[in-house]
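Hi,

Here is the structure I promised to pass on.

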Amino acid sequence: MIPPQEASARRREIEDKLKQEEETLSFIRDSLEKSDQLTKNMVSILSSFESRLMKLENSIIPVHKQTENLQRLQENVEKTLSCLDHVISYYHVASDTEKIIREGPTGRLEEYLGSMAKIQKAVEYFQDNSPDSPELNKVVRDLDLQNNVRSLRISGLAAIPLSLCISSDFMNVYYQIRSSQLDRSIKGLKEHFHKSSSSSGVPYSPAIPNKRKDTPTKKPVKRPGTIRKAQNLLKQYSQHGLDGKKGGSNLIPLEGLLPYTPRGGLPGPWINTACVYAANISPGHEHDFRVKHLSEALNDKHGPLAGRDDMLDVETDAYIHCVSAFVKLAQSEYQLLADIIPEHHQKKTFDSLIQDALDGLMLEGENIVSAARKAIVRHDFSTVLTVFPILRHLKQTKPEFDQVLQGTAASTKNKLPGLITSMETIGAKALEDFADNIKNDPDKEYNMPKDGTVHELTSNAILFLQQLLDFQETAGAMLASQETSSSATSYSSEFSKRLLSTYICKVLGNLQLNLLSKSKVYEDPALSAIFLHNNYNYILKSLEKSELIQLVAVTQKTAERSYREHIEQQIQTYQRSWLKVTDYIAEKNLPVFQPGVKLRDKERQIIKERFKGFNDGLEELCKIQKAWAIPDTEQRDRIRQAQKTIVKETYGAFLQKFGSVPFTKNPEKYIKYGVEQVGDMIDRLFDTSA
């Protein structure tokens, strides 16, 4: 029974707690009432805000739509005004350009060409939209005016009676005036071309269509030189491999690649240039900057001055344009002369008229030949390669030249053929020297890749040969022109193709001999084999990716098979480097042990030596060969897998036989690696990042 005092105390305590709870409950009720009131007030405010927002939206949306319509109307008005201004401008072309057209292009070539372009656009507009417009007659009249402007600029010569034209003094004055005008036109075109090139910051070539905007240039954006070119090629080769078909000490040159030595060389890439009159370039004018890339790759080690190759590009394109312009201008001069000079004096006068301009072109061509001849002496092929586009263009232009010069003196007619012959000779000599340089490249220890990757000489040679693919017919004809045999004339097309194939085989044979010589620099036969494997594989895959392999097969049908055999020989030579590792654990080199019989000390020592020799050899080879390179991913994986299979099978059998044998108290000291660990180590070969 609880004492009365404790019961009383507990009752008071309970009453106190009940009182506190009642106070708390009262506080909560008050709070709930206040919260409800606040909620009602907030709902009322939000409802009021929503109502006002709806009213605002209903009033703003019509204004917004109206404003949008007004903006659209304003844009339409502006577009309409712009179109009207554009159309109206065609109606003022005739009056705006008439004075410039009448004055001609002398001294204002850019302005003259711009006016001609405006007239041409105006004619096209009126023909398409308003063929009956009187404005069309005006612009057509101005367009025709440029065809007659020269006759109007002979200071009234066309108006002189024919009886006075018979005077020799008149004809002398005539050809002097026109000869000077022709010479100035050619020089003006060249200056205009140089100015256009320099103002753009890079060598401008109208021969390059807009789609070639990604072509590298030097200043302000430099083209890559040899090192950068080779690094980019080899980086691409390393990262992505060469897409192609799948593909040792007794190495010999590819059979049949060496016997032929042509009398002439093989011309490099030429520019395919159509005729040019002033700045109007025909669509057929094609120029491949790979000529420039190749010359950089071949000659960067000679240290050409910065910007020199850019200048060569400008000079080459300028000369090509001037040759084409001369043909067109000479044709126009003869048409003008035929209307003024009596027929029996026309050819002689025309011959005298064109001499200065023609001599200037021939002199500039001879200077190019002379510069190329000096470049051959110092093995500067970038300069020599500038001859090839010019030579191709001269050959393409020769029929027009012959037609224009018909009836002139023999000395005049023979100038262009003489220049062509000089360029053919110097180009052939350059190609012949290139083939010899591939064979006799003196660098052995210098510039040899320490990791056995593709040599720069190989990539340069392949780059050079790939240029010939776009110019097979021209290159073959060049080789055939150096031959004197009856076959050269009887079977020109087939014979030229065979000569080109033989030349390519000769370069490849020279390259192979040089690579064999360079490989002897490596003290490690395995690294030498990796070096030759990489280069042979690069050559084969490059030939397969391009059409070179088909061209080589014209005279060497077994070339592809020979390269594959050489690649396999190098793989076998490399694999022999692992014999010093696997010989330790090979079954044939192990003594016979009786199972279940206690090992003697000598037998335990033999097993220890086998494990230790294998471990040391494996670690040494993996450390050394990890730094070597095989850029072709397919070949790299193939060599790794083959070696991994051999080593894992041999080591697995050895480990299974002796791994559980009690030959030592410290087995972890000798059994360092499991079979899969060995495979992982081999998988990290040829990978410095592993």
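**Salt bridges and a buried helix**

Lys672 has a relative accessible area of 41%, so it is partly exposed (buried means under 20% relative accessible area, exposed over 50%, partly exposed in between, with a 1.4 Å probe and protein chains only). Lys672 forms a salt bridge with Glu619, their closest N and O atoms being 3.6 Å apart (a salt bridge is a side-chain nitrogen of Lys or Arg within 4 Å of a carboxyl oxygen of Asp or Glu). Because Glu619 sits in helix α23 and Lys672 in the loop between α25 and α26, the pair ties together parts 53 residues apart in sequence (helices are DSSP runs of H or I, at least four residues, numbered from the N terminus).

Before you go on: this is a predicted model, where local features need pLDDT of at least 70 and side-chain atom pairs count only at pLDDT 80 or more, while totals for chains, interfaces and linings use all residues. Residues are numbered from 1 along each chain as its sequence is written, and side-chain values use heavy atoms, leaving out hydrogens and water.

There are 24 salt bridges in the structure. One of them joins Glu544 and Arg564, with the closest N and O atoms 2.4 Å apart. That pair links distant parts of the chain, helix α19 and helix α21, and both residues are buried.

Now, is helix α15 enclosed or open? Ten of its twelve residues are buried, so α15 is largely enclosed by the rest of the structure. Among the buried ones are Leu457, Ile462 and Phe464.

Cheers

Methods: Helix = DSSP H or I, 4+ residues; strand = E, 2+ residues; numbered from the N terminus.
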